[in-house]
Amino acid sequence: MASGDWVSKTLIDLIYNPEVSERGMNCVAFASGSVTNFEQAVLEAKESKKRFSICLLLTDKERKDGEIIGAIKRAEKLGVPYRILNGFKFCGSWQEAKETPEGIFEYQRKSTHFDLKLLEIIHEYEDESTGETTFDLAILAGYMRFVRAPLLRRFDNRIINVHPARLDVFNEDETRKFVGDNAVYDALSSGETKTRSSIFLVDSGEDSGPILTSGPWINYEVTYEGELSLTEESASKHQEKQKAASDWPALRFTLRAISEGRFGLHKEKFWSDGNPVVTFDQRETPYHGIELKLTDNSYEPFIRTKTDELIQINK
């Protein structure tokens, strides 16, 4: 498949089309913890000249270890309305539920009802806005729950997530290799010497949807007696470094580009895993999407062509 090829507008389903709305793109964010990514999304929205807004934050908890979670504190500081729906009280403990098939089934059933309740909150917020707010995009910003069918149908190919590892490496069964909560540690322990963040569209699988943007590479630099060493602690420190240097620029670039109508999905071309080919400015992108690189102290977007050439594109 030839990345960089031009695509007719009739064959592209834009993630958001600014030409059909005068109000700009409205976003709802989901979070479970400190969510610096949420803060970065709000800051980018404030700089976007009203191309998009983060209108509401939904969290699945109010406190962690007795303290108000960072997501709520950031929402209050940034002036973003928020709603809380306690996921643990609603669904119970996943650690206990996964011990038996019956427990898994019951947890999944409760999780679907949990998402139905979240959808009710979203609809109530939209109704209260008297037509001024209809959500166009959902952002998972450190949200530690699988999104179920009710939200997937409401935001079909309109939910983005930030993943702390590359998603273009595969296992022998052709599933993605570095997925889940321990993706950074898994990547480094498998021999990767650098990592990058991925922004992708959420589907019903685990970190399996179409990739929009791959953030800048971050070298793993923790050493011990002259050699690279790896522990869970060192992987965690590396991931914290990666947030600012790869998560944030990739998320901010992606949100701005979606709000400008630049990202879309090809209606007729698909990868072997079933994901549609992502388009950017009417050009096919490679499997890993648009690449960001640090150039002269700024992050610049590139598209890799079929001849493996990197071509810089306009921000």
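Entry 1, strand β2. I checked both faces of β2. M25, C27, A29 and A31 on one side are buried, and so are N26, V28 and F30 on the other. Buried means under 20% relative accessible area, with exposed over 50% and partly exposed in between (1.4 Å probe, protein chains only). Seven of the seven residues of β2 (residues 25–31) are buried, so this strand is largely enclosed by the rest of the structure. In a regular strand the side chains alternate between the two faces of the sheet.

A note on what I am reading: this is a predicted model, where local features need pLDDT of at least 70 and side-chain atom pairs count only at pLDDT 80 or more, while totals for chains, interfaces and linings use all residues. Residues are numbered from 1 along each chain as its sequence is written, and side-chain values use heavy atoms, with hydrogens and water left out. Strands (E, at least two residues) and helices (H or I, at least four) are DSSP runs, numbered from the N terminus.

Entry 2, neighbours of β2. Which strands pair with β2? Two strands pair if DSSP finds at least two bridges between them. I found seven bridges from β2 to β3 (residues 52–59), running parallel. A29 has L57 as its bridge partner in β3. The chain goes from β2 through helix α1 (residues 36–46) to β3, a right-handed β-α-β crossover. Right-handed means that, with the strands pointing away from the viewer, the path from the first strand over the helix to the second runs clockwise. β7 (residues 137–140) is also parallel to β2, joined by four bridges. There, C27 has L137 as its bridge partner.

I traced the order β6-β3-β2-β7-β8-β10-β11-β18-β19-β20 in an open sheet with mixed pairing. Its edge strands, β6 (82–84) and β20 (310–312), each pair on one side only. At the β20 end, β19 (residues 298–304) pairs with β20 in the antiparallel sense over three bridges. F302 has Q312 as its partner in β20.

Entry 4, the four-stranded sheet. I read the order β1-β15-β16-β17, an open sheet with antiparallel pairing. G264 stands opposite T279 in β16.
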